[in-house]
Amino acid sequence: MGISRIKLTLYILITLSVLFTDTTFARTHYHKKQNRNHNQKGSNNGGERGSETPTIDPPPPSPDNGTVPSDPADPTNPTEPNSGPCVFDVRSYGAVGDGSTDDKEAFQSAWKAACAVESAVLLVPSDGNFMITATTFSGPCQPGLVFQIDGVLQPPGGPDCWPETDSKQQWLLFNQVEALTVKGSGTIEGNGEDWWNLPCKPHKGPHGSTLPGPCDSPALLRFFLSCKLTLKDLRIENSPKFHVKFDNCEGVHIEGLSINSPALSPNTDGIHIENTKSVGIYNSKISNGDDCISIGTGCSDVDIENVTCGPSHGISIGSLGVHNSQACVANITVRNTVIRHSDNGVRIKTWQGGTGSVTGLTFDTIYMEDVRNCIIIDQYYCLSKSCMNQSTAVYVSDVVYNNIRGTYDVRSPPIHFACSDSMPCTNITMSEVELLPFEGELVDDPFCWNAYGVQQTLTIPPITCLQDGEPEAVVERASFGC
């Protein structure tokens, strides 16, 4: 019995010892977990998953925690918040940029690489003067491509330097591209003087005539069969022919351009569009030797605002209907524009013998300074005296002139409506038109021929020659095919 009591006592002591030891370890382990969890709550705003990790540094928050407005985030690439667009510097592809070396191959290589990457930038750096011969940049490309011109970009210096194998119709051609932006703080220099002095140019022969010889001259920038285009903030100057040309394009945004060439540089239209729809031209300055902006056939939904022109030949619709062709232009608005020291202000010009129509034009809030032919419709446009009056013409209708003010050159009447014998101009509206001589005496006899419309307010000078109503000769518009 004594031995049994001793064994029982030892068994009880050992059991109590084991139980006491396990409880102590459990408590100690529990306190360590609490301390670790407390530190992590202070680091990740209460994330519960942090308490499960044995590491000291807190883990990233769980994806299902969401974000709060104060969280920095890049929604396009949240795993790489500092990533930017891929930049393809033409120097990295061998461009020299010394103004004389032909860098065409480097530009084509850089274009090919940038074209294959979404939201890429082809960079023409600011520390170079890059000369390239005639080049085509073709698509399709990945969307969001930017052609960034921060330096000087120029063609060869005249027709004698132009490679025989290169096109003389355009210098830089952007073909079948979509969602392209061409912009930058640099200059596109056209080196046009030797082209202007070709014997075929109008000002080289006696009395404005031309002389025999080659006459092809390249447009500086041409966009063809392209859409969703942006052209902005560049300086473009001294083009051999048109500075910028868009044909068969849709969705064009032009803003902040500075276009410059001498007043006597022939055929140097600033911006020319044809067969192009949905165009906006804003906040730009254009000084050149031909039309500031010219709008050819096939154009519609064009908005022009806050543009300063001059010296120039003004803003022109046309010429249209040449060689008995059909021309269709509709929905053109020009507003908040200044035209200075120009041969024309706002002009519509068509050839005899054409067909089609020009409708829905609005010229609103335009200031003229020393301008000949401030407001003109000329349906007898001709480059020689041999043009004959014909039985068909492009139909002109629904034209509004509102708040047109300023001064004119007294060598020509400030208002001139010369409409076709066979196809009168109709529904012309005049409101708040006030044009005074820049110097000299008031010309108080505006010219009208076969023009119909209404004066909503008194016009200065008075335009009493505008006929009321609708002429009987006008046929249904559906027959014009536009």
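A: Five strands each supply at least two residues of the lining of the largest pocket: β17 (271-274), β19 (293-295), β21 (315-320), β22 (326-340) and β23 (346-350). The largest share comes from β21, with three residues. This is a predicted model, and the pocket in it has a volume of about 1,500 Å³.

In total, 50 residues line the pocket. Asn267, Asp290, Lys349, Tyr381 and Leu383 are the ones that lie nearest its centre. By type, the lining divides into 24 polar, 16 nonpolar and 10 charged residues.

UniProt, in an unreviewed entry, lists His313 under "active site". His313 lies in the loop between β20 (299-309) and β21. Its relative accessible area is 22%, so His313 is partly exposed; the cut-off for buried is under 20%. Leaving aside residues up to four places away in sequence, His313 touches Gly289, Asp290, Asp291, Cys292, Asp343, Asn344 and Arg347. Of these contacts, Asp290 has already been named among the residues nearest the centre of the pocket.

For the setting, the chain has 482 residues, of which 46% count as buried. Its secondary structure comes to 30 strands and three helices. Among contacts between residues at least 6 apart in sequence, 72% join residues at least 24 apart. The accessible surface of the chain is about 24,000 Å², and carbon and sulfur atoms account for 52% of that surface.

Conventions. Residues numbered from 1 in each chain as written. Predicted model: local features only at pLDDT ≥ 70, side-chain atom pairs only at ≥ 80, totals over all residues. Heavy atoms only, no water. 1 Å grid on protein atoms, 1.4 Å probe; cavity = no way out; pocket = protein on both sides within 12 Å on 5 of 7 lines; lining within 4 Å. Points joined across faces, edges and corners; volume = space filled by probe spheres on them. Helix = DSSP H or I, 4+ residues; strand = E, 2+ residues; numbered from the N terminus. Nonpolar A, V, L, I, M, F, W, Y, C, P; charged D, E, K, R; others polar. Buried < 20%, exposed > 50% of the residue type's maximum accessible area, 1.4 Å probe, protein only. Contact = heavy atoms within 4.5 Å. Areas by Shrake-Rupley, 256 points an atom, 1.4 Å probe, with all protein chains shown as cover. UniProt positions renumbered as here; feature names shortened; annotations may be inferred.
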